[in-house]
Amino acid sequence: MRNILIIGGSRGIGNSILNYQLNTGNYCINISRNSLAVNNENYKEYNLDILKDELPDIDSIDSLVYCPGSITLKPFLQLKEEDFKNDFEINVIGAVRSIQKYLNVLKKGSNPSIVLFSTVAVTKGMAFHASISSAKAAIEGITKSLAAEFAPTVRVNCIAPTITKTELAKNILRNEKIEENISNSHPLKKICEADDVAAVANFLISKESNKITGQIMRVDSGMSTLKI
Ligand SMILES: NC(=O)c1ccc[n+]([C@@H]2O[C@H](COP(=O)([O-])OP(=O)(O)OC[C@H]3O[C@@H](n4cnc5c(N)ncnc54)[C@H](OP(=O)(O)O)[C@@H]3O)[C@@H](O)[C@H]2O)c1
């Protein structure tokens with residue numbers, strides 16, 4: 001049994017990872033502000049704010065997945081310094097806090113690994129994404145830096161999804177027509193479900209990916225690399 005720490009397992013992609021890991025018999029620890037009604041002896045949760053509260057001591061962790069993030073889309077002149085700071089806090093500082101807190105425990109884990117989240121908008125320039133793309137570019141940078149620093153012990157990888165049907169994206173995917181238009185703008189004519197992105201995270205924390213570190217996995221229906 002592996003011990004998987006999911007920061008942000010209460011909904012969205014993190015919740016999909018959590019359900020899969022519990023179903024495969026692994027032990028899951030979730031840290032989120034909201035509680036999940038999970039009745040499973042292999043599940044433990046801590047309800048706290050990753051940016052404000054003290055993080056709990058945890059004895060054994062094999063993989064850490066950091067899911068909290070944001071989508072702040074505004075024309076550049078409407079973005080306030082506060083927007084940039086908030087995006088950096090939840091996307092980058094929260095991940096840094098988590099990794100600093102649990103690195104020494106992770107180092108003692110079995111095939112230990114970390115998974116972080118970026119966005120397609122780092123590789124592909126997209127209007128109105130200046131704040132979120134700069135925070136997520138930092139995540140891609142820290143992924144590679146930490147992968148080098150923590151080798152050969154802890155693998156560090158990142159997933160850069162296109163828009164994914166979760167609570168976070170609900171204001172963008174406001175209706176079926178918008179969703180269809182956005183889907184059709186992708187080479188594969190599909191946007192992501194939470195399970196699509198979670199499947200790649202589950203692979204990156206499995207032993208099957210034990211030679212993969214420092215990678216940015218682009219789960220984006222071809223959006224960042226193809227022109228067709
Ligand atoms: N959805 C997309 O379209 C999309 C696209 C590109 C990249 N991404 C990235 O993929 C990652 C996961 O996205 P998602 O759509 O699954 O997000 P989500 O639906 O907003 O879920 C985020 C999770 O993080 C937790 N969380 C948020 N703020 C927290 C805080 N301050 N303290 C503790 N927990 C906190 C939330 O739980 P509580 O609210 O209970 O605290 C929730 O469980 C994010 O980094 C996001 O930027 C998503």
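Predicted model: local features only at pLDDT ≥ 70, side-chain atom pairs only at ≥ 80, totals over all residues.
Visitor: How is a pair of packed helices described?

Guide: Two packed helices are described by the angle between their axes and the distance between the axes. Here the axes of H1 and H6, the latter spanning residues 194–204, come within 8 Å and cross at roughly 60 degrees.

Visitor: Which residues of H1 and H6 make the contact?

Guide: From H1 they are Gly12, Ile13, Ser16, Ile17 and Tyr20, and from H6 they are Ala194, Asp195, Val197, Ala198, Ala201 and Asn202. By class, the contact of H1 with H6 has 7 nonpolar residues, 3 polar and 1 charged.

Visitor: Take Ser16 in H1. Is Ser16 buried or exposed?

Guide: The test is a count of other C-beta atoms within 10 Å, and 20 or more means buried. Ser16 has 23 of them, so it is buried. Apart from its neighbours within four places in sequence, Ser16 is in contact with Ala194, Asp195 and Ala198.

Visitor: At what angle do H2 and H4 pack?

Guide: H2 (residues 81–106) and H4 (residues 130–150) pack at about 25 degrees, and their axes are 9 Å apart. An angle under 35 degrees counts as roughly parallel, and H2 and H4 are therefore roughly parallel to each other. The crossing of H2 and H4 is right-handed.

Visitor: Which residues of H2 and H4 meet?

Guide: On the H2 side they are Asp83, Phe84, Asp87, Phe88, Asn91, Val92 and Ala95; on the H4 side, Ser131, Ile132, Ser134, Ala135, Lys136, Ala138 and Ile139. The contact of H2 with H4 divides into 8 nonpolar, 3 polar and 3 charged residues.

Visitor: Now the ligand. Which residues come nearest?

Guide: The ligand has 26 residues around it, and Gly8, Gly12, Arg33, Asn34 and Gly69 come nearest. By class, the shell around the ligand holds 11 nonpolar, 11 polar and 4 charged residues. Helix H1, residues 12–23, gives the most to this shell, with 3 residues.

Visitor: Where is Gly69, and what is it in contact with?

Guide: Gly69 lies in the loop between strand S4 (63–66) and H2. It has 24 C-beta neighbours inside 10 Å and so counts as buried. Leaving aside neighbours within four places in sequence, Gly69 is in contact with Ile90, Asn91, Phe117 and Leu168. Gly69 and Ile90 are 21 residues apart along the chain, while their C-alpha atoms are separated by 5.8 Å.

Visitor: How should I read the backbone angles?

Guide: Most residues other than glycine have a negative phi, and most peptide bonds are trans. Phe128 is not a glycine, and its phi is positive, near 75 degrees. Lys189, also not a glycine, has a positive phi of about 60 degrees.

Visitor: Where are Phe128 and Lys189?

Guide: Phe128 is in the loop between helix H3 (120–123) and H4. Lys189 is in the loop between helix H5 (176–184) and strand S8 (192–193).

Visitor: Which peptide bond is cis?

Guide: The bond from Ala151 to Pro152 is cis, with omega near 10 degrees. Pro152 is in the loop between H4 and strand S6 (155–161).

Visitor: One more loop residue, Asp59. Is Asp59 buried or exposed?

Guide: Asp59 has 7 other C-beta atoms within 10 Å, and is therefore exposed. Asp59 lies in the loop between strand S3 (43–47) and S4. Its C-alpha atom is 39 Å from that of His129, a residue 70 places away in sequence.

Terms used: Residues numbered from 1 in each chain as written. Near = placed C-beta within 6 Å. Helix = DSSP H or I, 4+ residues; strand = E, 2+ residues; numbered from the N terminus. Nonpolar A, V, L, I, M, F, W, Y, C, P; charged D, E, K, R; others polar. Axes fitted to C-alpha atoms, helices over the stretch in contact; angles between N-to-C directions. Parallel < 35°, antiparallel > 145°, perpendicular 65-115°, else oblique. Left-handed = near helix turned anticlockwise from the far one by under 90°. Contact = placed C-beta atoms within 7 Å. Buried ≥ 20, exposed ≤ 12 C-beta atoms within 10 Å, placed from the backbone.
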